[in-house]
Amino acid sequence: MLREKYYRSLVELTNGRWSSTILRGVAGSRFSKRIISSYIRLYGIDTQETENNTYHNLHDFFTRKLKQGARPIAEGTELYTSPVDGKIESCGDIVENSIFLVKEKRYNLVDLLGKEENIAKYINGKYIVFYLSPADYHRLHSPIDGEVIKQFTLGRKSYPVNSLGLTYGDQPISKNYRQITELQTANGATCAFIKVGAMFVNSIHLTNTTTEWKKGEEVGFFSFGSTVVMLFEPNSAEFLEQTVPGQKIQVGQAFAHML
């Protein structure tokens, strides 16, 4: 449907630098407020759970907040819960030459994490990819209690996001912005929480820049196009039986348990 393609382009942007800039401007314009009701109907979005129903533009609606308690968080410190609303695109074991399809682009571990020395600890571990559609709630929540031990951004530009950041070289690894947070969990293992945003646009925004994350709390949001990849060290996490590709999942729903 032509209208669906147009709306999707407004919130996911395109593969072109100039077209993305134009679409970003349209989504943030006062004019786009007129199409919010049509956008809601097209994607069947439940507005009863949103924090408010007054939005200045489509981008404002896309980054909407939910009412307190709209996403119950599964109890149990050993349970990993979904950091986003979306669909499980894929999940499984990590081998040395694993290829991940993220936003229709092929990534290996070096692509995702930037340097060879960052990937060794995840070989023979687990991975999961969450895809967020234009209909989904686009705020990010912590999947587990943990300490932020490293945080950095990759993509068209590379720069630290806080005092823990690492700066990589000038050469882009991919045009998609990626923000990587590594969390150390209660079992002493590390998991990587990789946010993949739109092409050419730094569309990932942190709302929690502390070093302590609590399961279920909001930590950031996507302003355009979005996918999340999580990586787990060997023998540190096991997926639940219901965690399978194609499954719809919401913030707070358990998908794995800590070993």
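One term before we start: buried means under 20% relative accessible area, exposed means over 50%, and partly exposed is in between (1.4 Å probe, protein chains only). What you have on screen is a predicted model, where local features need pLDDT of at least 70, side-chain atom pairs count only at pLDDT 80 or more, and totals for chains, interfaces and linings use all residues. Residues are numbered from 1 along each chain as its sequence is written, and side-chain values use heavy atoms, with hydrogens and water left out.

**Stop one: the core**

Select Tyr 80, Ile 128, Phe 130, Val 228, Met 230, Phe 232 and Phe 255. In the largest nonpolar core, which has 27 residues, these touch the most other members. A nonpolar core here is a set of buried Ala, Val, Leu, Ile, Met, Phe, Trp, Tyr and Cys residues joined through side-chain atoms within 4.5 Å. Among the elements that give it two or more residues are strands E2 (86-93), E5 (126-131), E13 (227-232) and E16 (254-258). Helices (H or I, at least four residues) and strands (E, at least two) are DSSP runs, numbered from the N terminus.

Leaving aside residues up to four places away in sequence, Tyr 80 touches Pro 143, Ile 144, Cys 191, Phe 232 and Phe 255, among others; contact means heavy atoms within 4.5 Å.

There is also a second, separate core of 20 residues, including Leu 109, Ile 119, Leu 154 and Val 196.

**Stop two: charged pairs**

How many salt bridges does a search of the whole structure find? It finds 10, a salt bridge being a side-chain nitrogen of Lys or Arg within 4 Å of a carboxyl oxygen of Asp or Glu.

Pick Glu 49 and Arg 71: their closest N and O atoms are 2.9 Å apart. Glu 49 is in the loop between helices H3 (36-43) and H4 (58-62), while Arg 71 is in the loop between H4 and strand E1 (79-81). Arg 71 counts as buried, because its relative accessibility is 12%.

Next, show Lys 126 and Glu 238, whose closest N and O atoms are 4.0 Å apart in a salt bridge. This pair joins strand E5 to strand E14, 112 residues apart.

Last, select Lys 150 and Glu 182, which meet in a salt bridge at 3.9 Å, N to O. Lys 150 sits in strand E7 (residues 146-154) and Glu 182 in strand E8, so the pair ties together parts 32 residues apart in sequence. Glu 182 is buried, with a relative accessible area of 3%.
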